[in-house]
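Please keep the sequence and the structure in view while reading.

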Amino acid sequence: MNKYSALSKNELQSEIEKLEKRYNGYKEQKLKLDMTRGKPCSQQLDMSTEMLEIPAKELRKAADGTDTFNYGVLDGLPEAKALFAEMLEVDKSEIIIGGNSSLNLMYDAVGRAMSLGILGGTPWSKLDKVRFLCPSPGYDRHFAICELFGIEMVIVDMKPDGPDMDTVEKLVSEDDSIKGIWCVPKYSNPDGITYSDQVVDRMAALKPKAKDFRIFWDNAYCVHHLSDKPDSLKNILAACKSAGNENMVYMFSSTSKISFPGAGISMMAASAENLNSIRKSMTIQTIGHDKINQLRHVKYFKDIDGISAHMKKHADILKPKFDLVLEILETELGGKDIASWNKPNGGYFVSLNTLDNCAKEVEKLSLDAGVVLTKAGATYPYGKDPRDRNIRIAPTMPPAEELKKAIEILCISVQLVSAKKMLAAM
Ligand code: PMP
């Protein structure tokens, strides 16, 4: 197919007619297809059922004799720390095990900084202005935390190897109201990008004007590979230590998309000084998290090889779905110069960019044909995509047949909106 920009008025008109026929064909089917959130499909969840079948008597005693059925152990069983320290490639002393959600740990980290300050710094809530850098497109729930606390968000562009570090370095070194940056460094949500070693090194070597600046390193997709040749991500905590900046990063992750979303294990890794300070307020907040679930995860996975083998089974289910999406995108949109997309090696999303000022219309058109997409704009701070072009595709949850229809409808909508815009401009 030729580029749309090379088509004559007549050619565009006949293209629109053909697309409308296909679109109406789908519309008549009165479909209801939900493509909104990146959730595992039920086949993936089934894979972890065995974990719930471990007998209670095997979950009662931790390795050090702790009775998991009773109160106690603030920041995680030693065997849970050992397992997830391996996953995050940190030392056992550099990790805290949380509850069922890493988002909760991130919210708490921001909330603590707002109300109590970080390592003796002024509580952020007492400052005139607090700002966060938000590499975008990014994860809407990160942005929602900032919005709730009144933290001003500054968009930083994403490049193929991570955030635009020239901008990050400049802003962070000049402005002490910039207190944080949100990063999803591996198979990023939604771009599927893994930060390059150079980006990690530059991130670790930042010289922030604010002493209480923190990198919120949300490694949610650290073991979520789709390929036999997975991306590798340089260890930020080690890089920060080498750069003399060991307090500058908070790392987060969870098993939400390894075992059970909402019933997994979350974790946070950081320097000893950061963790000691966090434990002081954590001990007021809770007597301890769910040790039975921690032991369940340890008994089931055993070690990092157990996690890797389990994630390989996830990939066997997910890879065909991602391939299907990419195949349809290529067939429908390839060569037309009206959209671009990533081909991720892992994670949960495919990020589609339309021509500028088209995403909202595409979302509406798809919805009218029965496909609910993640809200256009949701991948940007305040829900406002300045170029109105990014659409997050979440292929994991729907069965292949539904996914196929949904992506076809999305692609027809992209073509229709682009063609009509071009025709109107002729
Ligand atoms: N971070 C990212 C980047 C995510 O995509 C998600 C889930 N969509 C989360 C965190 C949420 O993780 P949890 O279930 O551990 O709160």
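## Domains and their contact

Domain bounds, as used here, come from an automatic or database domain assignment. For this chain the assignment gives domain 1 (4-44 + 308-424) and domain 2 (63-302), and the centres of domain 1 and domain 2, taken over C-alpha atoms, are separated by 31 Å. The contact takes 25 residues from domain 1 and 26 residues from domain 2, where two residues are in contact if their C-beta atoms, placed from the backbone, lie within 7 Å.

This is a predicted model, in which local features need pLDDT of at least 70 and side-chain atom pairs count only at pLDDT 80 or more, while totals for chains, interfaces and linings use all residues. Residues are numbered from 1 along each chain as its sequence is written.

## The side of domain 1 that touches domain 2

On this side, the elements that give two or more residues are helix 12 (304-333), strand 11 (350-354) and strand 13 (390-393); helices (H or I, at least four residues) and strands (E, at least two) are DSSP runs, numbered from the N terminus. Helix 12 provides the largest share, with 7 residues. By class, the side of domain 1 that touches domain 2 has 13 nonpolar, 9 polar and 3 charged residues, counting Ala, Val, Leu, Ile, Met, Phe, Trp, Tyr, Cys and Pro as nonpolar, Asp, Glu, Lys and Arg as charged, and the others, Gly among them, as polar.

## The largest nonpolar core

A nonpolar core is a set of buried Ala, Val, Leu, Ile, Met, Phe, Trp, Tyr and Cys residues joined through C-beta atoms within 7 Å. A residue is buried if 20 or more other C-beta atoms lie within 10 Å of its own, exposed if 12 or fewer, and partly exposed in between, with C-beta atoms placed from the backbone. The largest such core has 118 residues, of which Leu88, Ile236, Val249 and Met251 touch the most other members. Helix 14 (residues 400-424) gives the largest share of this core, 11 residues, and the core lies between domain 1 and domain 2 because both give residues to it.

Leaving out residues up to four places away in sequence, Val249 touches several residues, including Trp217, Ile236 and Ala270.

## An exposed residue

Is Arg279, which has 12 C-beta neighbours inside 10 Å, buried or exposed? Arg279 counts as exposed because of that number of neighbours. Arg279 lies in helix 10 (residues 272-285) and, leaving aside its neighbours within four places in sequence, is in contact with Leu74 and Asp75. Although Arg279 and Leu74 are 205 residues apart along the chain, their C-alpha atoms are separated by 7.9 Å.
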